Amino acid sequence: MTDCIFCKIVAGEIPSKKVYEDDEVLAFHDINPAAPVHFMIIPKRHVKSLEACDTSHQDVLGKILLLAPKLAREQGLSDGFKTVINTGVGGGQLVMHLHVHVLGGGKLQHV
Ligand code: AMP
Ligand code: ZN
């Protein structure tokens, strides 16, 4: 997706503060953090949202969810963290490339 900001981050065309990378997944800090630690985990292959996923995304979705606690621990979130997936306009999604927010390290808004 040529006009997708997260695809541009994956391609290295826009800089990011990287947390983790492998062949399928990238994690980087949110540019406008809502908590002392706030990063997101994305699939490298463009998919618009959770709603656009199908069974071909099952493995990468599982990988992202299992990475969340590992990366949260590595970022110092030893007593827990919040995960958020905004889906579609009605869900407050601003960047239309699936991402899982991981937040913690301070008082978080409930739900
Ligand atoms: P969402 O509402 O779930 O789509 O949130 C999109 C998130 O992407 C927001 O929290 C933004 O701060 C974040 N964001 C937008 N552009 C960048 C960027 N270039 N690098 C890192 N995070 C970004
Ligand atoms: Zn994209």
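## Basis of the description

Helices (H or I, at least four residues) and strands (E, at least two) are DSSP runs, numbered from the N terminus. The model is predicted, so local features need pLDDT of at least 70 and side-chain atom pairs count only at pLDDT 80 or more, while totals for chains, interfaces and linings use all residues. Residues are numbered from 1 along each chain as its sequence is written, and side-chain values use heavy atoms, with hydrogens and water left out.

## The largest pocket

H1 gives the most to the lining of the largest pocket, with 3 residues. Helix H1 (5-10) and strand E2 (25-29), together with strand E3 (37-43), strand E4 (82-84) and strand E5 (100-104), each supply at least two residues of that lining. In total, 28 residues line the largest pocket, and Asp30, Asn32, His38, Met40 and His101 lie nearest its centre. By class, the lining has 15 nonpolar, 10 polar and 3 charged residues.

## Ligand 1 and its shell

Ligand 1 sits in the largest pocket (more than half of its atoms lie within 2 Å of the pocket's grid points). Around ligand 1 are 16 residues (each with a heavy atom within 4 Å), and the closest are Asp30, Leu94, Val95, His99 and His101. H1 gives the most to this shell, with 3 residues.

Oxygen atoms of ligand 1 lie 2.5 Å from a polar side-chain atom of Asp30, 2.6 Å from an N or O atom in the side chain of His99 and 2.7 Å from a polar side-chain atom of His101.

Conventions:
Chains are lettered from A and ligands numbered from 1 in the order in which they are written. A polar contact is a pair of N or O atoms within 3.5 Å; within protein, one must be able to donate a hydrogen and the other to accept it, and residues adjacent in sequence count only if both atoms are side-chain atoms. On a 1 Å grid over the protein atoms alone, a cavity is a set of points where a 1.4 Å probe fits but cannot get out, and a pocket is an open set with protein on both sides within 12 Å along at least five of seven lines; lining residues have an atom within 4 Å of a point. Ala, Val, Leu, Ile, Met, Phe, Trp, Tyr, Cys and Pro count as nonpolar, Asp, Glu, Lys and Arg as charged, and the others, Gly among them, as polar.
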